[in-house]
Amino acid sequence: MMKRQSPQLIAIAGAMVLAMAGLMGLPSEASAKTHDVKMTALETEIVIEGTGTKYKAWTFNGQMPGPAVRVTEGDTVNFTLENPKTNVYPHAMDFHAAEIDFLKNYRAINPGETISFTFVAKKPGVFFYHCGAAPMIQHVARGMFGAIIVDPKNPKVWPKADREFLLVQSELWKNPDDVEAMFARKFDYVVFNGGIFKYHPFFIGAEALEAKPNERVRIYFVNAGPNEFSSLHPIGEIWDNVYESGNPANKLTGVQTYVVGPGSAATFDLVSESPGVYPIVTHSLTGALRGAIAALTITPVAKDAPLMPLTPWKP
């Protein structure tokens, strides 16, 4: 018969395993963090064009896309959504990075209500988040979407980026109440980060993305839809690496164009040696020519920029 180990010995053994994991640089649960993320559903007007044109949007925190959420693989997210009494419609939140009960956590709440839930970001990548209240197609089309980046717990699983941007593609309708047109795919614009030609410097109030020669530019890309596929291509360049869903394990090399469906995402790495302008477009040209063009200017004097430049847009 095997001799039963005492609780003291088991505790000591466990402590030694954790200590060795720390010495070897292995991740442990103790290294994970907890993030309190709070958002407010706001039915408000936002700027969608450099001329100052406004749009009657439904948003998270008054911007389209909503705020970027960033955590590390293994972290816990305590999320709270408030739907103020001043709103008219129910709203909800669906995190594609979460693995939790849909009926309990993603239900719609009425004006004056609040909902909270918790999840662990178990898988690295870039993920879509969006409102799931009915009709969901309208809530997404009017701006209730965004991205959560889950960085890998081991940063050495992919090359270090010198510069990072987050682009969220979506369709836009001039009439935000025309749900029939949304179902019929009769959109008026396709945009990056909620703005028509926001990163095309030929347009008023717009600015190009910038990077220096030989910098590794990492673009976290989410397609909010609600309907159209994106076919992301860097004109004059080739993606050095593409990571499906932003997961370092899903690595492709030397990709000219990569398709990202509605509700999906990918991470794109690009290293440009030569100064110049390299437009990033959806090669679904009806989308590109209606607003989804982001010029990437490679210049030795590139300025620092936030993850989502010009968001919210205040031309």
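**View 1. Strand E3 beside strand E8.** Strand E3 pairs with strand E8 (residues 145–151) in the parallel sense over four bridges; strands here are DSSP runs of E, at least two residues long, numbered from the N terminus, and two strands pair if DSSP finds at least two bridges between them. Valine 71 stands opposite valine 150 in E8. Both strands belong to an open sheet of four strands with mixed pairing, in the order E3-E8-E7-E5. Its edge strands, E3 (69–72) and E5 (94–95), each pair on one side only. This is a predicted model, in which local features need pLDDT of at least 70 and side-chain atom pairs count only at pLDDT 80 or more, while totals for chains, interfaces and linings use all residues. Residues are numbered from 1 along each chain as its sequence is written, and side-chain values use heavy atoms, with hydrogens and water left out.

**View 2. Strand E1 and its partners.** Strands of a sheet pair through backbone hydrogen bonds, either parallel or antiparallel. Strand E1 (residues 34–47) runs parallel to strand E4 (residues 76–83), with seven bridges; here valine 37 has phenylalanine 79 as its bridge partner. E1 and E2 form a hairpin with six residues between them, and glycine 52 in the turn has a positive phi of about 100 degrees.

**View 3. Phenylalanine 192 in the largest nonpolar core.** A nonpolar core is a set of buried Ala, Val, Leu, Ile, Met, Phe, Trp, Tyr and Cys residues joined through side-chain atoms within 4.5 Å; buried means under 20% relative accessible area (1.4 Å probe, protein chains only). The largest core has 31 residues, and Phe192 is one of those with the most contacts inside it. Leaving aside neighbours within four places in sequence, phenylalanine 192 is in contact (heavy atoms within 4.5 Å) with residues including Leu167, Phe221 and Ile280. Apart from this core lies another, of 28 residues, among them Met39 and Tyr106.

**View 4. The largest cavity.** A cavity is a set of points on a 1 Å grid over the protein atoms alone where a 1.4 Å probe fits but cannot get out, and its lining residues have an atom within 4 Å of a point. Grid points are joined across faces, edges and corners, and the volume is the space filled by probe spheres set on the points. The largest cavity holds about 30 Å³. Among its lining residues are Gln169, Phe187 and Glu228.

Conventions: 1 Å grid on protein atoms, 1.4 Å probe; cavity = no way out; pocket = protein on both sides within 12 Å on 5 of 7 lines; lining within 4 Å. Buried < 20%, exposed > 50% of the residue type's maximum accessible area, 1.4 Å probe, protein only.
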